[in-house]
Amino acid sequence: MAEIKVPELAESITEGTIAQWLKQPGDYVEKGEYIVELETDKVNVEVISEEAGTIQELKAGEGDTVEVGQVIAIVGAGGEAQSTSEAKEEAPKQEEKEQSTAEEAPVKEDKKNRPIASPAARKLAREKGIDLSEVPTDPLGRVRKQDIEAYSNKPAEAPSKPSAEKKKATAKKDDGKPVVREKMSRRRQTIAKRLVEVQQTAAMLTTFNEIDMSKVMELRKRKKDKFFDDHDVRLGFMSFFTKAVVAALKKFPYVNAEIDGDEIVLKKFYDVGVAVSTDDGLVVPIVRDCERKNFAEIEGEIMELATKARKNKLTLGDLQGGSFTITNGGVFGSLLSTPILNGPQVGILGMHKIQLRPVAIDKDTMENRPMMYIALSYDHRIIDGKEAVGFLAMVKDLLENPEDLLLEG
């Protein structure tokens, strides 16, 4: 026998939620095979079995909160998997045996409101998420494997019993209005908690500026094909902003700091977090050592991290640390916003939608230019307005003169 325990996750993470069992009681597992997916505050973690054998018992259900070190499953030794040829030979015999077992099942099962079903039918129903009580039976009142197959393939109909989702939809408020109640995921709960915490503990303020993106867009248009041919990655705007931010952080070091008790920790590294939206909420993977990376390396790493985030493959190492954050609401069409700090960092830059706007070139001339509003939210406890405005002005100047940015990088 072997106990499957919740592994050590990270220094700051002590518990998680069972997101999905990948194996069920009776299933055979190899040593090192994944058996359960845990959802933590930051990432999903797949837990392996340290021993080959058969799953004897699951000690926690999907949606349960479990702590590091807690036993969540028992794996028994033995029950080795059959070879493919053996399995094929045994399948007809097993099916015949299961059907025979179902035929001989005592009538008292009905008295307990438990459908009479063969083990193969029960297993298939569990895999397909089908309630056996909703499946039509044969004339003898049995549910067979072929009945499950037929039920799963027929067009969706109104179920004989309201499902959990239907029950949610018909729930009522005190005033009789219909509502839907939905449990927040662990990650969404953590995001909500931290956003409230940072607003309660930081003296947060936001300053704004706008950037004429003409020269960056012209340079990008001129260089993007060769850039892609040389580096096999597309030249986007994020590398320009990341390099501009690093240059500005070097000149205004308190924007690249954090508060620890009554001390200010000035960070002499430039690990920039890039906010990525996923189905489970916002995550901020870190592009490390940005001062040492060129444009292609930054673009490639951002693309890789974003792909991992959307496939739920980020590791804790991808998310820990970071000295400053960039978030781009412009990809969703946001014209202006006030980003919330990603604590314990004291600065976050918000990018927004590029939009043509009339700009005064001189007192006699107006031109339509591609303009972007940018916002710096900062902790006023250690960053003064002069520094914040200066930081944002430097980012603007570098992006409006991208040749200088290339030299700086």
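1. Helices here are DSSP runs of H or I of at least four residues, and strands are runs of E of at least two. On that basis, the protein chain of this predicted model contains 12 helices and 23 strands.

2. Some totals describe the chain as a whole. Of its 409 residues, 40% are buried. The protein chain exposes about 23600 Å², of which carbon and sulfur atoms supply 49%. Among contacts between residues at least 6 apart in sequence, 61% join residues at least 24 apart.

3. In general, strands of a sheet pair through backbone hydrogen bonds, either parallel or antiparallel.

4. Strand S8 can be described through its two partners. Strand S1 (residues 2-5) runs antiparallel to S8 and is joined to S8 by 4 bridges; within this pairing, Ala 2 has Val 75 of S8 as its bridge partner. Strand S6 (residues 53-58) is likewise antiparallel to S8, with 4 bridges between them. In that pairing, Leu 58 stands opposite Ala 73 of S8, and Thr 54 stands opposite Gly 76 of S8.

5. Buried denotes under 20% relative accessible area. Because 5 of the 6 residues of strand S8 (residues 71-76) are buried, this strand is largely enclosed by the rest of the structure.

Note on methods: Residues are numbered from 1 along each chain as its sequence is written. This is a predicted model: local features need pLDDT of at least 70, side-chain atom pairs count only at pLDDT 80 or more; totals for chains, interfaces and linings use all residues. Side-chain values use heavy atoms; hydrogens and water are left out. Buried means under 20% relative accessible area, exposed over 50%, partly exposed in between (1.4 Å probe, protein chains only). Two strands pair if DSSP finds at least two bridges between them. Contact means heavy atoms within 4.5 Å. Accessible areas come from the Shrake-Rupley method with a 1.4 Å probe; for residues, only the protein chains shown count as cover.
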